[in-house]
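Subject: A structure for you to look at

Hi there,

Here is the structure I promised to pass on. Have a look at it first, and then read my notes below.

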Amino acid sequence: MKQLLVFIRKEFYHVFRDRRTLLILFGLPTVQILLFGFALSSEVKDINIAVVDFARDNASQQLISKLQGSTRFRLQRAVLSYPEMETAFRRNTIKAALVFPANFNVDLLHTGHGQLQIIADASDPNTATTITNYLTAIIGDYQQELNQAAGPLPYQIIPETRMLYNPDMNGSLNFIPGVLALVLMIVCTTLTSVAIVREKELGTMEVLLVSPFRPLLVLIAKAVPYLVLSLLDFTLILLLSVFVLDVAVRGSVLLLYLETTVFIIACLSLGLLISNVTSTQQMAMLLSMMGMMLPTLLFTGYMFPLENLPVFLRWAPNVVPAHWYYLIVKAVMLKGLGFGAIWKETLILAGMSVALLGISLRNFNIRLA
Amino acid sequence: MGAVTLQNIRKTYEKGTVLAVDDVSFTVEPGELFGLIGPDGAGKTSIFRILTTLLLADSGTATVDGHDVRKDYRAIRSTVGYMPGKFSLYQDLTVEENLSFFATLFETTIAANYDLIKEIYEQIEPFKTRRAGQLSGGMKQKLALCCALIHKPTVLFLDEPTTGVDAVSRKEFWDMLGRLKQQGITILVSTPYMDEATRCERIALMQSGKILSIDTPANIIKAYPGKLYAVKADAMHPLLHHLRAYPAARSSYAFGEFVHVAFWDDQADDDEALRQYLAGKKHTGIVIKPITPSIEDRFIDLMTAAPANAHATATR
């Protein structure tokens, strides 16, 4: 027992004396969270739109001031002719244009139908759709106000859309479980496999094997520090999400930690497996980075919708532990669900962890070859 | 019963295509300082790994301290000391941390066996807070030896401990081994340096997985057949060429600034006949002197006697 503790302490020395490892451990999650949270968001913000107001009446002014109130748009108020508008689109100075026809207010009040034109740059269809959705939402808002003021007479049906779980369409929400899965996968798998393979490279593994210390304890001594460090990493990401990205943890934090521990065990086992089959640190690094990162990115479901996978790859997410972990974290952290809702996923993830751990322990060689 | 015994040990790699150890048998007596001498690729490391239970032999049996390497591997692992060839300690731990880690690993403490490593450790103690990665090659070897000795092993396996170490440190290292031997520890050491062979009590000369000869260094030299001369002339390259064409010479090879010429028998006028032969080939500045063969001469001799291995070299 004392040997194990001393061994674990030695592993911590290795980690804390190596700047590279520390960087991967704590720099990587921070950068990932901040990058995904701020830089790589798919939200639209500060979009330049031109407002072409031929009406210049009460209604158009009110609508425009509503648009100005939104942080998503930067309004350029100018009377542009259609050819000028097209030039602006081509120069990319505007992403969309909102055109009020003359007599907008009169038409609206007398016929009950006001017509507006929204022109969007659909060369980037996703952004275009988002912008038009925002615009129609704001217009709809205005319509409702008008109707309330006008009394029950002009019935107008306004489709109400409510964004479940993410009413402000906060893009940070969805990727946090994904980043969690990715970071834990990289940290646990890569660092564990590299830590073991380094002993092989240095020749210390031979000495460790030719000692009274049981070979399996070598693996445990290697795994325990990375389990602890990974949980630290998990805490770091949670704190960053809550305090920097304003994403609240809705479900039980304790449940999250338990589920994360199960996932970490799966990752550690993968790391042990990789260390069994490689003999250089570079190889171990490559295998765990490439071999683990790609499936995690592709098959977890947070980067690309799984529905888009070709039929022959539909089974793939089911065998990726990160996929199940992603589902669990989404349910617990974002939707606030309890264990009852995720017991199936947990069972699958736990089964994978046990199986991987079993395989890696069985494969661990008590000799060199 | 020997401290270490090998019987018909055979080991191949790459699914049997590369023969590393070919039917090797020998016995190391308790308390003996035994050397495996041979160039890289002779099979020394494979033998060490088989004896330290790190590799399984394809066939044959071996015991260490009476324990079978295959069945009783756990018993062997807790009693022997092993210093692998590429052993380089934990670079990011200090000298003291390295030593105390290995002490704990072997279920002992530095204090418990301090007398055994005292002499060696005192030399590196001034640097005990320095990280192992910042030590010189010789210091590293001393620290590694301390780590291998810290649990007072019954048998000590040292795989090429002096490779990559300067001449002074090498000499010191062998002095230390001599003193450890006096403590009753059986030492099995390997080295590619022929000049270190004489520091062992008995040696096995190895080449291509085979043992060429096992005996005391003195007996191995004594067994050298025929006479050996060191020859020098002003034009060395043609000299070697002409000596190889000389019928009475068994073999000729460059050795430092001389060419060593081995003769078939002990005829008295060997050197005189050779001098006339060389003078006939218009050589000037001829020096011919009889010399006592070294281990290396004997090794080259044994190697050339086994024609299959003639391509290998043992010259420096």
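Let's begin with chain A, where the domain assignment gives domain 1 (2–40 + 170–363) and domain 2 (47–150); such bounds come from an automatic or database domain assignment. The centres of domain 1 and domain 2 of chain A, taken over C-alpha atoms, are 48 Å apart.

Before you go further, please note that this is a predicted model, in which local features need pLDDT of at least 70 and side-chain atom pairs count only at pLDDT 80 or more, while totals for chains, interfaces and linings use all residues. Residues are numbered from 1 along each chain as its sequence is written, and chains are lettered from A and ligands numbered from 1 in the order in which they are written.

Now to where the chains meet. In chain A, 21 residues are in contact with 23 residues of chain B (contact: C-beta atoms, placed from the backbone, within 7 Å). On the side of chain A that touches chain B, helix 1 (2–16) and helix 8 (204–209) of chain A each supply at least two residues. Helix 1 of chain A gives the most, with six residues. Helices here are DSSP runs of H or I with at least four residues, strands are runs of E with at least two, and both are numbered from the N terminus.

Finally, chain B has ten helices and 14 strands. Its C-alpha trace spans about 70 × 45 × 35 Å along its principal axes. Of the 316 residues of chain B, 44% count as buried, meaning that 20 or more other C-beta atoms, placed from the backbone, lie within 10 Å of the residue's own.

Enjoy exploring!

Conventions:
Two residues are in contact if their C-beta atoms, placed from the backbone, lie within 7 Å. A residue is buried if 20 or more other C-beta atoms lie within 10 Å of its own, exposed if 12 or fewer, and partly exposed in between; C-beta atoms are placed from the backbone.
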